[in-house]
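Dear colleague,

I am handing over the structure below, and after it I set out what was found in it. Please read the notes with the coordinates open beside them.

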Amino acid sequence: MASTRGLDRGRVNADAVEAAFAEDLAAFVRLQQKSGLDVFSDGLLRWQDIFRPLVDALGAAKPESLVRWFDTNTFFREPELSGALAGVNHADGLLPDASVPRPRVATLPSPFMFSRAARTDRDRNQLMVDLAGKVLRPVVDAAVAAGCQLVHLEDPWIGYFGIESKDWAPLREALELLHRDLRATLAFHVYFGDAGPHVDQLRRLPVDAIGVDLVETDVNELGSGWDKGLVAGVIDGRSSMLESLENTVEVARHLADTVRPRNLYLSSNCELAFLPTVVAEQKVQRLGEAAKRVKQLVSV
Amino acid sequence: MSVDLDHKPLLTHEIGSLDKPGWRVKAYAGQPLSDRDLEEARAWGERLKVPDYERLIDLLRHAPFSKEQKSDLQRWSSLYALKLEEGAGLDVVYDGEQQRTEMYDWAVSHSDGFERRGSVRAFDNKYYTKAAVVAPISLRTPFHNAEFSYLVSVADAELKIPVTGAYTIADWSFDERYDVDTDLREPAADRRRKRKAARRDFVLEIARNLIRPNLMALIGLGARWIQVDEPGASTEPDELDLFVDSFNASVEGLNAMFSTHLCFSDYNLFFPAIERMSQCRQFAVGFANYDSRELGTTDQARPGYHVIRKFADLPYKPALGLGVLDIHSDFIESPELVRDRVLYAVNVFGDPARIHVTPDCGLRTRSWEVAFKKLRNMTAGVALARQELGLKDPAR
């Protein structure tokens, strides 16, 4: 933080910022390894918001307007996506650094959220399909080639604002473009809201796993007998209170027993960028502890 | 607040923060000062006609600084910022919050009941420090008295004191006191109900036990206009009544002009909740960020300002602090663009006395050079609007 802030003010040079990024990434990787996580992230440490590197890769106009990121005190630059959409012309800054161990996770905005958060003069569902085919798919392919076995699509839009019934079909079409022949697990993660009302539709999406925010969603509304994986957001990325290990393990067991997903992934309910680093680190450790305990219980 | 100022058509003011000069930041942090820092202090001192600025230059040459000297440097920084705003021609000024760490951190670090947890990103490479409420909240010591007393002694223009509001402090804090027993196995609806009740307790405790006594202390020192800053007010659309309740609990029965500052939100959300905020005599609201940069006074030319009709229709007829400068961009709004934004608003309100003219928010993300140019063009644009409206350009 100090380095990037200093860079903006002309008080720190670019080399010092690069060194700080490398140091922070190395620390984050060590934390994930120490915590026993199964899939490794680069934490999107260089991403100023979830759209920025994609907008850069698109060669789209530099985004100007700041827009509140849902009900947080964080803001993103509204992507300007009017007119015909060009494809991405490079993947610079979009893939995890080579120092991140494999298997890796690639985190990207869902095409639905991307199309809704952008400023555009186009039909948003058509934009969504274009974003999936021309922007996200090339990046996903590059990510898989770079060792990402999990592609995690973030969609707080559906959780927070909802989705009109007519939009599910175009969303399925967009996700099909991402899922077809993909040699990685594709997860679609709804957060910042109650996924309960959408569970039936979510389970019909052409993805391998559905993520839900369990801080906002009732575990009893998830149904049972899933033929997909479940990314269970059991760690609250917006609260500094550390979750009880026992409680978290019990929730995970309950999900395994009742929802019976094809695979159960334990995760935070949303990104951890809303937490100071020291708090986020504690949460990652708690996630690892919970996963380890659940694995022990399941293997018994 | 004087009656004259309250009703001055197209009154101009800044919102709050300005960037802190390099010499102030480095000197306070004990870092070595470069010739460039000294030249910055000299050049701005000369340009803004800061009285006796040579004394600051002399002081800056004598590092390391004692605690008293650091306080002195903060006051110099306040004086420079005040003179920048006066030099830009603003009617109502303050000191760009030069003596505060930051609008949130300053408040919680002078309060009992909070513990710092660390920094998080706000946007781009901008961060803020978050604290958690862990114990009963109270005012440790009035935390704007010293700066206000100093500014009264050096300001030529009227003063307006920005004070961070209760809702925003709660919204930007973690809660480790009111809502702590989360069990994800409980029905989500029950958890949400508990969270909402806890949030109400949290916000209103800040309003009653922290903000209100701080406002009373300022009024005791002669403060006449206090701006309650609530950039977080619309963060939770289902809590706008709580925001209004917290404002009312903070100011009810106190004798000063109170205004509030809102920014970077869907302002439609504030209605009808703010119809109950009758002690709020002015809403300072950022619009330029959402507006076109083309000239014109039609609805089509001013897409960022359509919502002002709702403020115009508020039953208690508050003024609108019209944000006309995008504080997230180095783009310098021309006087003509400012003029057209102002004329559009005057046309909607039908009364220039209800329009005040401001930047969208504090200018601390801009360099002083950019901030000064923007503010000068803002006052120049207001002069053009006055001309267009046939208003006298009264002496301050």
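In what order do the 6 strands of the open sheet in chain A stand, and is their pairing parallel or mixed? Please bear in mind throughout that this is a predicted model. The strands are arranged in the order 3-4-5-6-7-8, and the pairing is parallel. At the edges of this sheet are strand 3 (104-109) and strand 8 (264-268) of chain A, each of which pairs on one side only. If direction is ignored, neighbouring strands of the sheet are turned by 25° against each other on average.

As for chain A overall, it holds 10 helices and 8 strands, and its C-alpha trace spans about 55 × 45 × 35 Å along the principal axes. The radius of gyration of chain A is 19 Å, which agrees with the value near 19 Å that a compact globule of 300 residues would have. Of the 300 residues of chain A, 47% count as buried, and among its contacts between residues at least 6 apart in sequence, 71% join residues at least 24 apart.

Turning to the interface, 34 residues of chain A are in contact with 31 residues of chain B. On the chain A side, the elements that give two or more residues are helix 1 (2-8), strand 1 (66-68), helix 9 (245-258) and helix 10 (277-299) of chain A, with helix 9 of chain A providing the largest share, 4 residues. The residues of that side divide into 14 nonpolar, 11 polar and 9 charged.

In chain B, 3 strands form an open sheet in the order 3-4-7, with mixed pairing. Strand 3 (111-123) and strand 7 (174-175) of chain B each have a single partner strand, so one side of each is left without a neighbour in the sheet. Strand 3 of chain B runs antiparallel to strand 4 (residues 126-139) of chain B, and 10 bridges join the two; Ser119(B) stands opposite Thr129(B) in strand 4 of chain B. Helix 9 (residues 188-220) of chain B packs on this sheet and touches strand 3, strand 4 and strand 7 of chain B, its direction making about 85° with that of strand 4 of chain B.

With kind regards

Technical notes: Residues numbered from 1 in each chain as written. Chains lettered and ligands numbered in written order. Predicted model: local features only at pLDDT ≥ 70, side-chain atom pairs only at ≥ 80, totals over all residues. Pairing = 2+ DSSP bridges. Contact = placed C-beta atoms within 7 Å. Axes fitted to C-alpha atoms, helices over the stretch in contact; angles between N-to-C directions. Rg over C-alpha atoms; globule rule 2.2 N^0.38 Å. Buried ≥ 20, exposed ≤ 12 C-beta atoms within 10 Å, placed from the backbone. Nonpolar A, V, L, I, M, F, W, Y, C, P; charged D, E, K, R; others polar.
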